[in-house]
Amino acid sequence: MEKLYKFLKYTFIILWTVFIVAPFLWAISTSFKDFQSVNSKVTYIPWLDFEPTLEGWRVLVKSPARGGVDIVEPYFNSLFVTCTASLISIVLGTLAAYALSRFTFKAGFVRNNDITFFFISQRIMPPIVLSIPFFIFLSTIGLLDSLIGLVVVYIVLLMPIAVWIMVDFFNRVPKELDETALIDGCNPYQAFYKVVLPNSIPGLIVAGMFCIIFGWIDFFFAFILTFTEVQLLPVKVVALNSSITPWWSLSASALISVAPLIIVAFIVERYLSKGNLSGALK
Amino acid sequence: MNLIGENITYKPDDQFHLNDVSFNFKKGNLYTILGRTLSGKTTFLKTIAGLLNPDSGNLSFEDNDFIKIPVWERNVAMVYQQFINYPHLNVYENIIFPLKQRKISEDQIKKDVEEALKTVGLVGFENRKIQELSGGQQQRVALARSLAKKAKILLLDEPLVNLDYKLREQLREEFKRIFTQGLSEDTILIYSTTDPQEVMELNGEVIVLDEGKVLQRGPAKEIFENPRTLKVAEISNDPPMNILKGEKNSEKLSFENIIIKSPSHFKNLSDQSYNFGIRASEIKLDNQGEEFEIELAEISGSETLLHLKKGESKVIALIEEVMNFKIHEKVKIKFNENKLYAFDQNEELVSSPYGVSHG
């Protein structure tokens, strides 16, 4: 019984790993192919099956004038917009969440839960509903087709995630912890950054991860709110797809698109796997 | 120079958490707040700490209006019933946290921490993480943190309630030692608890709190001997004092068809209806006694608690040995009439075995 269980467990893990890793292997292999190797017959292994070439990768850095699609600038645009928006969302979202978790607000019929729901409701609507207001808003203040405009829009999209996760996290941190800090001579700001914040790192990591992921993979708003001046990576990758699907450069761009997320995943992996998330505070 | 509260009322919703509470706490003394769960003990302590602001009333300490001083400048220390420490810091860092906030010199901090660790018996645990400690040890760290601070007001909010029986006994003993030796003459110590035994052992000045109202105050001995009302008698005894509705008729007391001799300390009472009170420990098994039916028998430690019933009356008897009883079994018990209390129809004490000093 024990052995059967072990066998089934590892079989499942191996199958799952293959399921996850196979597309990556396919993409890596394809990114080194050319038109000939993709369209002739089924090939997998470089040098044996086909002659590897860097053409797929070169297209990504060549200027359009020379028949390439320069994704270097969109790549850094995407990095800038995602990181800036995530950082601002986390900072503002954490402060808002702490206030919502610890203080009681009353304004007419509005209470803390209503405010929290207001944040979350931003994400309940389908994005297309927000697109026209965003477009009009950005064009009115003259930030259409600009990095700053995108950062503003992404903060609106990401901050609800940060608030949502952090409110839930702070609600599980005993109020007595803050009170003890106050009694021990901290003013409310010191109590927040000397005691509450250091004990909230797991929550901050999760919130940060979600913000980065949702920011990085957004195509819709990046597509609608930019034209020529500024382009983000997801839009540029789609633009690669012309009359003939260039599988080689698509694979290459897909790989470098997911690279930042994989790096983030490896960095936070030790926090996630050790069970540190729930164990830090009882 | 004392901690003085005048008519403090706190009523955040429709219920009173504190109802017209006044007190005058002197330095170098131990005060215990005795009350059931939700009686307002924590609110009381939090008000003194400054975590809550009363709706009305005054609070002053050393002739300063305490209500105007924010928590972080009040120099109080508080130990919660939940073991609250800073989880991201180790034991040593936890204890120096309040000292660092107050910018005390490094040498002094080192001395104070060593002393506090010694007092609570945690020398050698400096580098442990809080999560690695047992509940009792965590509570010791919290206590050490408040001791090292040398605060002028030390608040302990049911510090033993979340510990298991054995540890509670052990820590209670240590608390007594720490409170008598380890505290300076400058400190006001306020200790809240639901446990009458703790109050008696700590032997301080007692304030009995119920529904936010002070029912009685006085030395522990006085509360034990002369509980002013029925309510106080219930709160300050564990198991609660047995109450039997009955009548006095010249030399006889009668309740539930039981007639016993009226004790000598009742001789000045007029003949009328009373609530007679008797402690569980003053009811003994006796073959000459009255027959009661056993509803429940609990064994705790080396004692047996018998929940007995006769007619409408229910009493709890404390037998000082471990005995096995069957439920619904009949036993004969005798009341020690010399330890009877009498409360009038307004539930106020009119006669006690120790002589009434008020009322």
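Colleague: How much of chain B counts as buried?

Modeller: In this predicted model, 40% of the 359 residues of chain B count as buried.

Colleague: And what does its secondary structure come to?

Modeller: Chain B has eight helices and 20 strands. Its C-alpha trace spans about 75 × 45 × 35 Å along the principal axes.

Colleague: What share of its contacts join residues at least 24 apart?

Modeller: Counting contacts in chain B between residues at least 6 apart in sequence, 65% join residues at least 24 apart.

Colleague: Let us turn to the sheets. What is the strand order in the one with mixed pairing?

Modeller: That is an open sheet of six strands in chain B, in the order β6-β7-β8-β3-β9-β10. At its edges stand β6 and β10 (213-219) of chain B; each has a single partner strand, so one side of each is left without a neighbour in the sheet. From one strand to the next, the twist averages 15°.

Colleague: How many bridges join β6(B) to β7, and do they run parallel or antiparallel?

Modeller: β6(B) and strand β7 (residues 153-157) of chain B run parallel and are joined by four bridges. Within this pair, B:A77 stands opposite B:L154 of β7(B).

Colleague: Which residues of β6(B) lie on each face, and are they buried or exposed?

Modeller: B:V76 and B:M78 lie on one side of β6(B), with B:A77 and B:V79 on the other. All of these are buried, and both faces of the strand are therefore covered.

Colleague: What about the other end of that sheet, where β9 meets β10(B)?

Modeller: Strand β9 (residues 205-210) of chain B pairs with β10(B) in the antiparallel sense, over six bridges.

Colleague: Which order do the strands take in the antiparallel sheet?

Modeller: The order there is β13-β12-β11-β14-β19-β20 in chain B; this is an open sheet of six strands with antiparallel pairing. Its edge strands are β13 (258-261) and β20 (349-351) of chain B, each pairing on one side only. The twist averages 40° from one strand to the next.

Colleague: How many bridges does β14 share with β19 there?

Modeller: Strand β14 (residues 273-278) of chain B is paired with strand β19 (residues 341-343) of chain B over three bridges, in the antiparallel sense. B:N275 has B:F343 in β19(B) as its bridge partner.

Colleague: Now the helices. At what angle do α2 and α4 of chain B cross?

Modeller: Helix α2 (residues 91-101) and helix α4 (residues 135-148) of chain B cross at roughly 30°, and their axes come within 8 Å. An angle under 35 degrees counts as roughly parallel, which is why α2(B) is described as roughly parallel to α4(B). The crossing of α2(B) and α4(B) is right-handed.

Colleague: Which residues make that contact?

Modeller: From α2(B) they are B:V91, B:N94, B:I95, B:F97, B:P98 and B:L99, and from α4(B) they are B:V141, B:A144, B:R145 and B:A148. By class, the contact of α2(B) with α4(B) has eight nonpolar, one polar and one charged residues.

Colleague: How does α2(B) pack with α3?

Modeller: α2(B) and helix α3 (residues 106-120) of chain B pack at an angle of about 125°, with their axes 10 Å apart. That makes α2(B) oblique to α3(B). The crossing of α2(B) with α3(B) is right-handed. Here B:Y92, B:I95, B:I96 and B:L99 of α2(B) meet B:I109, B:D112, B:V113 and B:A116 of α3(B). By class, this contact has seven nonpolar, no polar and one charged residues.

Colleague: How many residues of chain B are in contact with chain A?

Modeller: On the chain B side there are 17 residues, in contact with 16 residues of chain A. The elements giving two or more residues to that side of chain B are β6 (76-79) and α2 of chain B. By class, that side has 13 nonpolar, three polar and one charged residues.

Colleague: Why does A:G93 count as buried?

Modeller: A:G93 is buried because 27 other C-beta atoms lie within 10 Å, and the cut-off is 20 or more. Leaving aside residues up to four places away in sequence, A:G93 touches A:M159, A:A162, A:V163, A:M166 and A:A207. A:G93 and A:A162 are 69 residues apart in sequence but 5.2 Å apart in space, C-alpha to C-alpha.

Technical notes
Residues are numbered from 1 along each chain as its sequence is written. Chains are lettered from A and ligands numbered from 1 in the order in which they are written. This is a predicted model: local features need pLDDT of at least 70, side-chain atom pairs count only at pLDDT 80 or more; totals for chains, interfaces and linings use all residues. Two strands pair if DSSP finds at least two bridges between them. Axes are lines fitted to C-alpha atoms, for helices over the stretch in contact, and angles run from 0 to 180 degrees between N-to-C directions. Angles under 35 degrees count as roughly parallel, over 145 as roughly antiparallel, 65 to 115 as roughly perpendicular and the rest as oblique. A crossing is left-handed if the near helix is turned anticlockwise from the far one by less than a right angle, and right-handed if clockwise. Two residues are in contact if their C-beta atoms, placed from the backbone, lie within 7 Å. Ala, Val, Leu, Ile, Met, Phe, Trp, Tyr, Cys and Pro count as nonpolar, Asp, Glu, Lys and Arg as charged, and the others, Gly among them, as polar. A residue is buried if 20 or more other C-beta atoms lie within 10 Å of its own, exposed if 12 or fewer, and partly exposed in between; C-beta atoms are placed from the backbone.
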